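Dear colleague,

Please find below the structure that I am handing over to you. My notes on it follow directly after.

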Amino acid sequence: MSGEGRGELAARFGQPTEQEGSANEPRTREEHGVRWNEKWIYRNPEGQGFDRIVLWLRADLQGIWHVKPDGSSIPQS
């Protein structure tokens, strides 16, 4: 992962449109092959035709994906 923290990603992408879970959420979920307890959702950022999701496990960034309208996803580097 890029090593970016929460503050850096918030500065880079802005505040998410939606959020699921939280850094203190004790339950974890799995999506895109990673465990997470907090998801930031950016609905169609900048009109690009996809949603961006950022997954966290506590304070650790698990990954960033572009999710297309058909539900398929591509990891963002």
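Is lysine 39 buried or exposed? In this predicted model, lysine 39 is buried, because its relative accessible area is 9%, and the cut-off for a buried residue is under 20%. Lysine 39 is found in strand β4. Its side chain makes a polar contact of 3.0 Å with the side chain of glutamate 31. Apart from neighbours within four places in sequence, the residues in contact with lysine 39 are Glu18, Gln19, Glu20, Glu31, Ile53, Val54 and Leu55.

I turn next to the chain as a whole. The protein chain has one helix and seven strands, and from the N terminus on the elements run α-β-β-β-β-β-β-β. The radius of gyration is 12 Å, close to the 11 Å that the globule rule gives for 77 residues, so the chain is as compact as a globular protein of that length. Taken along the principal axes, the C-alpha atoms fill a box of roughly 30 × 25 × 20 Å. Of the 77 residues, 38% are buried. Among contacts between residues at least 6 apart in sequence, 32% join residues at least 24 apart.

Helix α1 spans residues 6-13, and Leu9, Ala10 and Phe13 are buried in it. Viewed down the helix axis, these buried residues fall within an arc of 100°, so they line one face of α1. The exposed residues Gly7 and Ala11 are carried by the face of α1 that is turned away from the buried side. What do the buried residues of α1 pack against? They pack against three strands, namely β4 (38-42), β5 (51-57) and β6 (60-67). After α1 comes glycine 14, whose phi is positive, near 85°.

There are also findings on the aromatic rings. The structure holds two aromatic pairs. In one of them, phenylalanine 13 and tyrosine 42 have ring centres 5.7 Å apart and planes at 65°, so the pair is edge-to-face. Because phenylalanine 13 lies in helix α1 and tyrosine 42 in strand β4, the pair ties together parts that are 29 residues apart in sequence. Phenylalanine 13 and tyrosine 42 are both buried.

Arginine 6, in turn, lies over the face of tryptophan 56, at 5.2 Å from the ring centre.

Finally, I would draw your attention to glutamate 30. Why does glutamate 30 count as exposed? Its relative accessibility is 61%, and therefore it counts as exposed, the cut-off being over 50%. Glutamate 30 has its place in strand β2, which covers residues 29-31. Not counting residues up to four places away in sequence, glutamate 30 touches Arg35 and Trp36. The C-alpha atoms of glutamate 30 and leucine 55 are separated by 9.7 Å, and these two residues lie 25 residues apart along the chain.

With kind regards

Note on methods
Residues numbered from 1 in each chain as written. Predicted model: local features only at pLDDT ≥ 70, side-chain atom pairs only at ≥ 80, totals over all residues. Heavy atoms only, no water. Helix = DSSP H or I, 4+ residues; strand = E, 2+ residues; numbered from the N terminus. Buried < 20%, exposed > 50% of the residue type's maximum accessible area, 1.4 Å probe, protein only. Contact = heavy atoms within 4.5 Å. Arc of directions from axis to C-beta. Phe/Tyr/Trp six-rings, centres within 6.5 Å; stacked < 30°, edge-to-face > 60°. Lys NZ or Arg CZ within 6 Å of the ring centre and 35° of its normal. Polar contact = N/O pair within 3.5 Å; in protein donor to acceptor, adjacent residues only side chain to side chain. Rg over C-alpha atoms; globule rule 2.2 N^0.38 Å.
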